[in-house]
Amino acid sequence: MKILALESSGLVAGIAVIEDDNLLGEYTVNYKKTHSQTLLPMLDEVARMIELDLNSIDAIAVSGGPGSFTGLRIGSATAKGLGLALDKPLVHVPTVDALACNLWGCESLICPLMDARRNQTYTGIYRFCGGQLEILKQQCAVGIDEIVAEVNRLGQPVVFLGDGVPVFSTYIEENCTVPYMFAPAHMNKQRAGAVAYLGLQYVRAGLIESATEHRPDYLRMSQAERNRAEHSDQNHEN
């Protein structure tokens with residue numbers, strides 16, 4: 001089974017192709033370019049390098065959120081367009097779950113942290129048990145204080161990763177009471193390869209959707225939506 005994966009939920013843009021247990025190709029860029037500039041050229045390059053016929057893929061896995069609203073929309077639109085053009089199903093892969101998969105086999109708890117602004121983080125808590133990813137706290141949008149308190153309550157060593165680590169590292173250092181580590185550079189950001197791996201597991205479990213059905217999972221309102229809501233509340237008060 002062959003899966004094409006797209007990752008655009010944060011600053012990282014990624015394309016990967018996996019066939020069963022073999023990662024055929026992966027292209028990752030963590031640079032200040034919009035994903036609308038990078039995703040399709042990266043796909044073209046990967047397809048050229050591995051001589052990929054896009055019609056040969058079985059499904060398209062996409063990092064479905066949470067994350068950057070713009071990035072998720074670009075990834076979703078790209079996946080939907082490919083799905084419709086190729087008549088292939090889509091696989092919605094939770095972004096935070098895929099991040100946790102970067103630390104496959106880790107004996108400590110795993111706590112991805114994505115910067116959601118306003119001292120909030122997209123996060124969750126995971127561990128590996130019997131060779132399987134176990135979700136202890138499902139991906140959510142909470143304050144950094146709340147997730148660190150939950151980690152402390154569990155009372156086990158933890159590894160933090162994600163683009164939220166440099167944002168929240170000082171808070172973690174001052175408030176985390178259990179042994180902790182920060183994942184190194186080669187595994188601390190979103191990877192299309194992890195999206196492809198989880199996408200393969202989801203396809204095998206029958207968890208697919210059509211291109212028209214796919215919607216990103218934002219977990220919270222955008223800044224513009226919050227501003228509109230606040231403005232509406234103020235008008236009602238007046």
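Reply: Two strands pair if DSSP finds at least two bridges between them; helices (H or I, at least four residues) and strands (E, at least two) are DSSP runs, numbered from the N terminus. The model is predicted, so local features need pLDDT of at least 70 and side-chain atom pairs pLDDT 80 or more, while totals for chains, interfaces and linings use all residues. Residues are numbered from 1 along each chain as its sequence is written, and side-chain values use heavy atoms, with hydrogens and water left out.

Me: How many bridges join strand 9 to strand 10?

Reply: Strand 10 (residues 180-182) runs parallel to strand 9. Val158 stands opposite Tyr180, and Val159 is opposite Met181. The number of bridges joining strand 9 to strand 10 is three.

Me: Which residue of strand 9 stands opposite Leu109?

Reply: Strand 6 (residues 109-115) pairs with strand 9 in the parallel sense, over four bridges. The residue opposite Leu109 is Val158.

Me: Are the residues on the two faces of strand 9 buried or exposed?

Reply: In a regular strand the side chains alternate between the two faces of the sheet. In strand 9 (residues 158-161), Val158 and Phe160 lie on one side, with Val159 and Leu161 on the other. Buried means under 20% relative accessible area, exposed over 50%, and partly exposed in between (1.4 Å probe, protein chains only). Both faces of strand 9 are covered, and these four residues are all buried.

Me: What is the orientation of helix 4 and helix 5 to each other?

Reply: The axes of helix 4 (residues 144-154) and helix 5 (residues 165-175) come within 11 Å and cross at roughly 40 degrees. Angles under 35 degrees count as roughly parallel, over 145 as roughly antiparallel, 65 to 115 as roughly perpendicular and the rest as oblique. The two helices are therefore oblique.

Me: Which residues of helix 5 meet helix 4?

Reply: Contact means heavy atoms within 4.5 Å. From helix 4, the residues are Ile144, Asp145, Val148 and Asn152. In helix 5 they are Phe168, Tyr171, Ile172 and Asn175.

Me: Which residue stands opposite Leu6 in strand 2?

Reply: Strand 1 (residues 2-7) and strand 2 (residues 12-19) pair in the antiparallel sense over six bridges. The residue in strand 2 opposite Leu6 is Ile15.

Me: Which residue is the bridge partner of Ala13 in strand 3?

Reply: Strand 2 and strand 3 are antiparallel and share eight bridges. Their hairpin has two residues between the strands, and Asp20 takes a positive phi near 55 degrees there. The bridge partner of Ala13 is Val29.

Me: What is the relative accessible area of His35?

Reply: His35 is located in helix 1 (residues 35-49). Leaving aside neighbours within four places in sequence, His35 is in contact with Ser8, Gly10, Leu11, Val12, Ala13, Gly71 and Ile74. His35 is buried, and its relative accessible area is 8%.

Me: Which residues of helix 2 make the contact with helix 1?

Reply: Helix 1 and helix 2 (residues 69-86) pack at an angle of about 35 degrees, with their axes 10 Å apart. Helix 1 contributes His35, Ser36, Leu39, Leu40 and Leu43. Helix 2 contributes Gly71, Ile74, Gly75, Thr78 and Leu82.

Notes
Axes fitted to C-alpha atoms, helices over the stretch in contact; angles between N-to-C directions.
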